[in-house]
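Subject: Structure handover

Hello,

Please find the structure below. Notes on what was found in it follow.

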Amino acid sequence: MEATEKDILRGGQFLVKESNCEDIFTPEDFNEDQLMMKEAVSEFVDREIWSKKAQFEQKDYALTESCMRQAGELGFLSVAVPEEYGGMGMGFVDTCLVCDYISGATGSFSTAFGAHTGIGTMPITLYGNEAQKQKYVPKLASGEWFGSYCLTEPTAGSDANSGRTKAVLSDDGKTYKITGQKMWISNAGFCSVMIVFARIEDDKNITGFIVDYDPENPNGITMGEEEHKLGIRASSTRQVFFNETVVPVENMLSTRGNGFKIAMNALNVGRIKLAAACLDAQRRTITESVKYANERIQFKTPISSFGAIRQKIAEMATNCWVGEAASYRAAKDIEKRIELRKKNGKDTHQEAELKGVEEYAIECSILKVAVSEFVQHCTDEGIQIFGGMGFSEETPIESAWRDARIARIYEGTNEINRMLSIGMLIKKAMKGHVNVLEPAMAVKEELMGIPSFDVPDYSELFSEEKNIIKNLKKLFLMVAGAALQKYGEKIEEQQQLMLASSDILIQIYLAESAILRAEKMAKKQGEDNVKEQIAMAKLNLFHAIDVIETAGKHSIISFSTGDEQKMMLVGLKRYIKYVNMPNIIELRHIIAEKVIKENKYCF
């Protein structure tokens with residue numbers, strides 16, 4: 001049954017509307033074709049990448065390039081490319097699925113893959129004219145050519161639009177000469193095509209260009225040496241220098257001054273794909289850690305029997321499972337929005353893709369932050385389970401930890417993304433796309449009224465947890481609404497408040513996604529058959545409440561005083577309250593027991 005406008009929540013509306021478990025997509029809903037793709041990708045990764053992990057850590061850039069070519073031959077580089085340009089033309093969920101399972105073995109290959117298929121190819125697919133797409137996209141989709149993305153400069157990082165690279169139009173109006181310096185350019189060592197951002201004259205915004213690169217005829221392009229990095233060691237990362245590089249005017253991407261918009265929309269797509277790319281790294285880390293814990297004997301028993309180790313395994317598995325739930329929920333929402341826009345006939349394929357992803361920019365930022373922090377925690381705990389061996393390059397955990405660190409910086413730092421999620425929500429509220437004002441006023445009235453002392457019936461699965469999530473949404477509206485009322489348009493200057501509000505927003509989206517995933521599974525398979533998933537959803541919510549309580553308290557006492565402060569602190573306690581507090585140790589035991597028995601991440 002095809003989705004209609006009213007069936008799909010708009011981006012950010014999860015905060016003010018309730019979702020039913022039947023309405024969300026989960027990994028358990030993968031169809032047969034998607035499962036086949038998952039198996040094909042996993043088989044390739046195990047054979048060609050995981051088995052050569054040590055070579056990647058020796059900065060074998062040629063190996064990365066070779067594996068990329070094989071990925072191209074197998075069609076993995078073309079999943080998101082429309083069929084008319086040599087691609088598979090698959091949906092957004094399929095794109096995230098391939099990005100997920102191809103990225104877990106090593107961050108070096110994951111970075112090369114993401115840079116090429118995302119920011120290297122996608123800007124041409126989505127912003128290029130027909131001639132540009134016909135010339136470049138088929139060769140990028142096949143892996144004959146590789147792409148790179150030249151945005152960052154020494155003075156332009158998070159402030160991407162402040163770049164100093166210049167593009168000067170020739171006297172005859174036929175070419176531009178690009179001069180400037182770019183840094184941290186992934187795939188620079190083996191790319192054939194660069195997406196380069198430069199400023200024309202004194203334009204307010206930068207402009208995008210498609211620049212061909214041939215080392216035999218460099219056209220004013222020189223490369224710095226390979227960067228020596230903490231992680232992703234076999235990912236080619238270089239500075240690129242342009243000295244009056246001649247680019248035909250027909251290679252301008254989109255229109256003059258539209259480069260900043262291209263860059264921002266490319267980052268939106270990159271953020272949810274980065275979240276997906278952090279998932280299989282967690283699965284593999286959990287599996288390696290559990291195997292070691294089952295084999296490592298101390299005090300005449302496997303260390304997997306110790307409560308301290310079981311706690312780590314349970315938390316690692318829970319975070320991974322929750323990240324899956326939230327990532328694929330958002331991916332399907334984006335896919336539905338794209339399909340709906342195409343069906344309505346108002347947009348071209350390009351416009352539908354762009355607007356579909358842009359609609360869920362809030363969720364993309366949420367996922368980027370949450371899952372990148374999950375993978376860092378997972379690899380860190382993996383090292384701890386391995387103990388001294390985890391600190392050794394002989395084990396796969398050491399490199400996994402180093403590779404994970406970049407994820408909190410890629411695609412906009414987590415601090416930037418936290419503030420973006422709140423800033424974008426405010427803008428959506430101002431435009432009327434998310435009705436925040438009325439629910440916020442209702443919360444204020446509720447707090448001033450007499451609370452109910454009736455004990456609710458929480459006999460059904462997740463009835464209490466779903467009520468808590470409703471209350472957590474009220475808590476966000478209470479805190480963010482009061483802060484916005486005090487600071488108005490200057491709220492963005494209050495960065496610590498923005499960060500705290502974002503932490504609340506992130507926890508709400510993840511907790512709701514996990515509860516809905518577990519509820520959907522329970523309805524299909526029976527509660528007894530998914531007791532571990534139920535435990536993970538409950539454990540995650542318990543942790544979410546801890547984070548939200550701290551963020552809420554810090555916010556309230558920082559901007560309010562007197563009776564207003566007392567009222568909000570009372571509201572905080574009311575909205576995080578359990579009637580039936582879960583037994584956290586028992587939940588962890590249920591989760592860990594399953595993973596330890598299966599000797600792998602098994603969800």
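At what angle do helix α16 and helix α19 pack, and how far apart are their axes? Before the answer, two remarks on the source. This is a predicted model, in which local features need pLDDT of at least 70 and side-chain atom pairs count only at pLDDT 80 or more, while totals for chains, interfaces and linings use all residues. Residues are numbered from 1 along each chain as its sequence is written, and side-chain values use heavy atoms, with hydrogens and water left out.

Helix α16 (residues 463–487) and helix α19 (residues 562–575) pack at about 160 degrees, and their axes are 9 Å apart. Helices here are DSSP runs of H or I with at least four residues, strands are runs of E with at least two, and both are numbered from the N terminus. Axes are lines fitted to C-alpha atoms, for helices over the stretch in contact, and angles run from 0 to 180 degrees between N-to-C directions. The two helices are therefore roughly antiparallel (angles under 35 degrees count as roughly parallel, over 145 as roughly antiparallel, 65 to 115 as roughly perpendicular and the rest as oblique). Their crossing is left-handed (the near helix is turned anticlockwise from the far one by less than a right angle; clockwise would be right-handed). From α16, I468, N471, L472, K474, L475, M478 and A482 meet E564, M568, G571, L572 and Y575 of α19, where contact means heavy atoms within 4.5 Å. By class, this contact has eight nonpolar, two polar and two charged residues (Ala, Val, Leu, Ile, Met, Phe, Trp, Tyr, Cys and Pro are nonpolar, Asp, Glu, Lys and Arg charged, and the others, Gly among them, polar).

Helix α10 (residues 307–344) and helix α17 (residues 495–525) cross at roughly 90 degrees, with axes that come within 8 Å. They are therefore roughly perpendicular. The residues of their contact divide into eleven nonpolar, one polar and four charged.

Helix α4 (residues 92–101) packs against helix α8 (residues 259–277) at about 50 degrees, the axes being 7 Å apart. This pair is therefore oblique, and the crossing is right-handed. On α4 the contact is made by F92, T95, C96, C99 and D100, and on α8 by V269, I272, K273, A276 and A277.

As for domains, an automatic or database assignment divides the chain into domain 1 (147–257) and domain 2 (431–598). Their centres, taken over C-alpha atoms, are 44 Å apart.

An unreviewed UniProt entry annotates residues 149–243 as "domain: Acyl-CoA oxidase/dehydrogenase middle"; such annotations use the numbering given here, have shortened feature names and may be inferred rather than shown by experiment. That span is 0% helix and 44% strand. The entry also annotates residues 471–574 as "domain: Acyl-CoA dehydrogenase-like C-terminal", a span with 87% helix and 0% strand, whose end C-alpha atoms lie 8 Å apart.

Regards
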